[in-house]
Amino acid sequence: MPLQRVGEEKKNDLGRGGIVQSMTDEWDLSEAMAKLSEALHEKDMSVDQLFNDFDADSDGTINGPELHNGIKDMVGDVLSPGQISQIIKAFDVNDDNRIDVGELRTALGEEE
Ligand SMILES: [Ca+2]
Ligand SMILES: [Ca+2]
């Protein structure tokens, strides 16, 4: 094991302690968001970078398929369409069924 940063250990237990069941009823939106936020910090990316990464067609919004692929690449979880739409609903402030960069910032609690 390489050096482990103190304080990270507790958070990582959630994802690494066991098999992550992304396809069950146990799936939990807040946990998915926490993982996304954690991945962001691990990769040392800003929310803007993450957004540009997810927004495959660069139209300034993230739709369902983009979110699905983005989470798959970023977190490694393959989410169901139902789970994706739960995330979009939770993030989507202006109700256009897409996530814009401001909504993503709010959702991930960017502190800048
Ligand atoms: Ca897009
Ligand atoms: Ca929106």
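1. Of the 112 residues in the protein, 16% are buried, where buried stands for 20 or more other C-beta atoms within 10 Å of a residue's own, the C-beta atoms being placed from the backbone. This is a predicted model, in which local features need pLDDT of at least 70 and side-chain atom pairs count only at pLDDT 80 or more, while totals for chains, interfaces and linings use all residues. Residues are numbered from 1 along each chain as its sequence is written.

2. On confidence, the protein averages a pLDDT (the predictor's confidence in each residue, from 0 to 100) of 83, and 74% of the residues score at least 70. Over residues 12–19 pLDDT stays under 50, and the model has two contacts beyond four places in sequence for them, a contact being a pair of C-beta atoms, placed from the backbone, within 7 Å.

3. The protein has six helices and two strands, taken from DSSP runs (H or I, at least four residues, for helices; E, at least two, for strands) and numbered from the N terminus. Their order from the N terminus is α-α-α-β-α-α-β-α.

4. Helix α3 (residues 47–54) packs on helix α6 (residues 101–108) with the axes 10 Å apart, at an angle of about 125°. In α3, Val-47, Asp-48 and Phe-51 meet Val-101, Leu-104, Arg-105 and Leu-108 of α6.

Conventions. Chains are lettered from A and ligands numbered from 1 in the order in which they are written. A residue is buried if 20 or more other C-beta atoms lie within 10 Å of its own, exposed if 12 or fewer, and partly exposed in between; C-beta atoms are placed from the backbone. Axes are lines fitted to C-alpha atoms, for helices over the stretch in contact, and angles run from 0 to 180 degrees between N-to-C directions.
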